Structure formats: C-alpha cells, structure tokens
Amino acid sequence: MIELMLEAERALAVGLLDQAERHYAQVVANDPRNAIAVVGLARVALERGDQAGTYRFARQALALDPDNPMASHLARRMAEQFVLRGEPVPDGPPSAPSAPSAPSAPSPVGSRAAPSGAAPTPPAAAPTSTPAHRPEPVLRPARRPSLLDRLRGRER
C-alpha cells in the first residue's frame with residue numbers, strides 16, 4: 001500500500017491526475033478505512049476543479065478519521081466556497097466507491113452540530129464592507145529614513 005500511496009503522491013505532484021486517482025482508488029479498494037487515500041482523492045478532485053467532489057471526499061475522510069487536519073481543512077474551505085456563492089452545500093457520498101461512513105461524523109462547517117441525518121448548517125456570513133474576494137489592506141507604518149539618508153540630508 002505504501003508504494004501505491006507514494007506513486008499517487010508523485011503523480012499528483014507532477015499533474016498526472018488520472019494516474020494519481022487510479023492509485024488512490026486502488027488503495028481505497030484494498031483498504032476502505034484509509035482516510036489518507038480518501039484525502040488524496042479529494043486533492044485530485046480539487047486539482048480538477050470539482051469542488052463538490054472535493055467536499056464529499058473530504059467529508060468521507062473525516063468520517064473515517066475525525067482528527068485528519070487536511071480533510072477538515074478541505075471540507076471547511078469547500079463549504080465556505082459554496083456558502084459565499086450562495087449555493088447549497090452538497091450532501092451524499094462521492095461518486096467513487098467508498099467505505100460506509102461513521103454514524104456520527106463531526107460537522108466541519110461551523111460549530112453547531114446538525115441533527116442526525118440532517119445537512120450541516122453553514123455559519124452565517126459575517127457582514128463586511130469589502131467583497132469576499134478582496135482581502136483587507138495591510139496598514140504599515142511610514143518608512144523611517146535610514147541613518148545614511150539622514151546623514152546625506154535626504155529625509156522625507
């Protein structure tokens with residue numbers, strides 16, 4: 001299994017997405033509880049621009065390993081993207097073969113737990129004066145003239 005995982009990582013690193021997906025899928029087929037391989041499938045989906053697939057695979061990995069930081073980050077980030085676009089957060093398993101999920105997987109979206117069988121409730125968007133895609137400007141203190149500038153009389 002380790003060899004397949006390493007091959008999948010190498011393929012993903014150089015952009016061979018089909019090969020990486022094939023290797024990760026082989027690992028999942030042989031070990032359905034391998035959350036790292038499922039996160040690999042989420043990363044392949046992300047590289048392909050499939051945000052719904054990324055979210056579903058990340059949620060599947062979280063069901064297998066609730067402490068997986070990459071799965072948590074991917075699920076949370078993809079859910080934020082759907083909320084920012086005003087789209088519903090996808091539910092359901094990914095289209096690839098998957099292991100049965102744990103009955104009570106933690107919700108990576110927000111801190112509120114959804115009732116059993118219900119979709120997670122995304123957190124309310126915080127009001128902001130700038131668009132979501134533009135970060136706040138960083139305020140830096142004014143540049144002080146260097147000692148050399150002051151000695152040469154070039155203070156500003």
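This is a predicted model: local features need pLDDT of at least 70, side-chain atom pairs count only at pLDDT 80 or more; totals for chains, interfaces and linings use all residues.
Mentor: Residues are numbered from 1 along each chain as its sequence is written, and side-chain values use heavy atoms, with hydrogens and water left out.

Trainee: How many helices and strands does the chain have?

Mentor: Helices (H or I, at least four residues) and strands (E, at least two) are DSSP runs, numbered from the N terminus. From that end, the elements run α-α-α-α-α-α. The count is six helices and zero strands.

Trainee: What share of the chain's residues is buried?

Mentor: Buried means under 20% relative accessible area, with a 1.4 Å probe and protein chains only. The chain contains 156 residues, and the buried share of them is 31%.

Trainee: Are H3 and H4 roughly parallel or roughly antiparallel to each other?

Mentor: Axes are lines fitted to C-alpha atoms, for helices over the stretch in contact, and angles run from 0 to 180 degrees between N-to-C directions. The axes of H3 and H4 (residues 51-64) come within 8 Å and cross at roughly 170°. Angles under 35 degrees count as roughly parallel, over 145 as roughly antiparallel, 65 to 115 as roughly perpendicular and the rest as oblique. H3 and H4 are therefore roughly antiparallel.

Trainee: How many residues of each class has the contact of H3 with H4?

Mentor: Contact means heavy atoms within 4.5 Å. The residues involved include Val38 and Leu41 of H3, and Phe57 and Gln60 of H4. Ala, Val, Leu, Ile, Met, Phe, Trp, Tyr, Cys and Pro count as nonpolar, Asp, Glu, Lys and Arg as charged, and the others, Gly among them, as polar. The contact has eleven nonpolar, three polar and no charged residues.

Trainee: How are H1 and H3 oriented to each other?

Mentor: Helix H1 (residues 2-13) packs against helix H3 (residues 35-47) with axes 11 Å apart, at an angle of about 15°. That angle makes H1 and H3 roughly parallel.

Trainee: Which residues of H3 does H1 meet?

Mentor: From H1, the contact involves Met5, Glu9 and Leu12. The contact of H1 with H3 comprises five nonpolar, no polar and three charged residues. On H3, the residues are Ile36, Ala37, Arg43, Val44 and Glu47.

Trainee: Which residues of H5 meet H3?

Mentor: The axes of H3 and helix H5 (residues 69-85) come within 10 Å and cross at roughly 35°. H3 contributes Val39, Ala42, Arg43 and Leu46. Their partners in H5 are Met70, Ala71, Leu74 and Met78.

Key: Buried means under 20% relative accessible area, exposed over 50%, partly exposed in between (1.4 Å probe, protein chains only).
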